[in-house]
Amino acid sequence: MKKENIISDIKTAGVVATASLTLASCNPKPLSESQLQMVQHKTDSAANTNNEYRIARTLTFLVDDRIEQYRNANMNMVKKYSMSYIKRDIKDATLRKYMIDAMLNEKSYDIEMADNIEYSDSADTENVSQTMQYIRNNQRWFNDLMLYLNGKYTDRQLLNSEFFKIIKDYELKRRFEYNTVRIEELTKNTTFLSQRQDSIRGKIYDKYVREAQRKR
């Protein structure tokens, strides 16, 4: 009887130990900072020698460069046609000068200023605000253009905006739309390539995390 009790206790202890190990494997303790750094270093090295990862990364650079070329072409076209329109069709000298100056230095065009300006004693500040408010209400195409040049609008948004209702040039719109379609197609490719890189890198990272946990 005593022997049977001892055997039973050993079996119970074995079950408890097995359960403890199982729980420990399911809920591993987090790695230390130094271990995480080592895992990251190993992941970087392994990813950089993985052919599929390297190809995806190289293709991403190439596609991004092509997208940039199409976008620069679009920007240069709308700047050229807009400048011609302003010089030819904007009769008000003050407004014309303001638009030309804004286009020559588009980053100085504060697209939120007209809404958020706090009027002060500065006549220049108030005049600029009034001009911008006038543009937003009466020359919406120009505000859309500046939103685009400041990176607030995508190529597609400009294509669907007031801009092409005012700058009515068939060839400009045709070329701009072609470039925009190419940008959108290539962007889908970069999204796929980015996801593939993340997937490959994630698997490598998980592998080294498991290895580090087993060595604890």
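Biologist: How many of the 10 residues of helix α7 (residues 140-149) are buried?

Modeller: Nine of the 10 are buried, so α7 is largely enclosed by the rest of the structure. Keep in mind that this is a predicted model.

Biologist: Which residues of α7 are the buried ones?

Modeller: They are Trp141, Phe142, Asn143, Asp144, Leu145, Met146, Leu147, Tyr148 and Leu149. Just after α7 comes Gly151, which takes a positive phi of about 80 degrees.

Biologist: What share of the 216 residues of the protein chain counts as buried?

Modeller: For the protein chain the share is 31%.

Biologist: How many helices and how many strands does the protein chain have?

Modeller: The secondary structure comes to 10 helices and zero strands. Along the sequence the pattern reads α-α-α-α-α-α-α-α-α-α. As for contacts between residues at least 6 apart in sequence, 66% of them join residues at least 24 apart.

Biologist: Now to helix packing. What describes two packed helices?

Modeller: The angle between their axes and the distance between the axes. Take helix α3 (residues 51-89) and helix α4 (residues 93-104): their axes come within 10 Å and cross at roughly 165 degrees. Angles over 145 degrees count as roughly antiparallel, and that makes α3 roughly antiparallel to α4. The crossing of the two is left-handed.

Biologist: Which residues of α3 and α4 make the contact?

Modeller: On the α3 side they are Lys79, Ser82, Met83, Ile86 and Lys87, and on the α4 side Arg96, Met99, Ile100, Met103 and Leu104. By type, this contact has six nonpolar residues, one polar and three charged.

Biologist: At what angle do α3 and helix α10 (residues 170-214) pack?

Modeller: The angle is about 155 degrees, and the axes lie 9 Å apart. α3 and α10 are therefore roughly antiparallel to each other. Their crossing is left-handed. The residues of this contact divide into 17 nonpolar, seven polar and nine charged.

Biologist: Next, the aromatic rings. What describes a pair of them?

Modeller: The distance of the centres and the angle of the planes. The structure holds six aromatic pairs. One of them joins Trp141 and Phe142, with 5.6 Å from centre to centre and 80 degrees between the planes, an edge-to-face pair. Trp141 and Phe142 are both buried.

Biologist: How far apart are the ring centres of Phe163 and Phe164?

Modeller: Those centres are 4.9 Å apart and the planes stand at 85 degrees, so this pair is edge-to-face. Phe163 and Phe164 are both buried.

Biologist: Which residues do ring pairs link into a cluster?

Modeller: The cluster consists of Tyr85, Trp141, Phe142, Tyr148, Phe163, Phe164 and Phe176. Of these, Trp141, Phe142 and Tyr148 are among the buried residues of α7.

Biologist: Last, a single residue. Where is Lys42 found?

Modeller: Lys42 is in helix α2 (residues 33-48). Its relative accessibility is 30%, so Lys42 counts as partly exposed.

Biologist: Which residues does Lys42 touch, not counting those up to four places away in sequence?

Modeller: Lys42 touches Tyr208 and Lys215. A distance can also be read between C-alpha atoms: those of Lys42 and Tyr205 are separated by 8.1 Å, while the two residues are 163 residues apart along the chain.

Key
Residues are numbered from 1 along each chain as its sequence is written. This is a predicted model: local features need pLDDT of at least 70, side-chain atom pairs count only at pLDDT 80 or more; totals for chains, interfaces and linings use all residues. Side-chain values use heavy atoms; hydrogens and water are left out. Axes are lines fitted to C-alpha atoms, for helices over the stretch in contact, and angles run from 0 to 180 degrees between N-to-C directions. Helices (H or I, at least four residues) and strands (E, at least two) are DSSP runs, numbered from the N terminus. Angles under 35 degrees count as roughly parallel, over 145 as roughly antiparallel, 65 to 115 as roughly perpendicular and the rest as oblique. A crossing is left-handed if the near helix is turned anticlockwise from the far one by less than a right angle, and right-handed if clockwise. Contact means heavy atoms within 4.5 Å. Ala, Val, Leu, Ile, Met, Phe, Trp, Tyr, Cys and Pro count as nonpolar, Asp, Glu, Lys and Arg as charged, and the others, Gly among them, as polar. Buried means under 20% relative accessible area, exposed over 50%, partly exposed in between (1.4 Å probe, protein chains only). Rings of Phe, Tyr and Trp (its six-membered ring) pair if their centres lie within 6.5 Å; planes under 30 degrees apart count as stacked, over 60 as edge-to-face and the rest as tilted.
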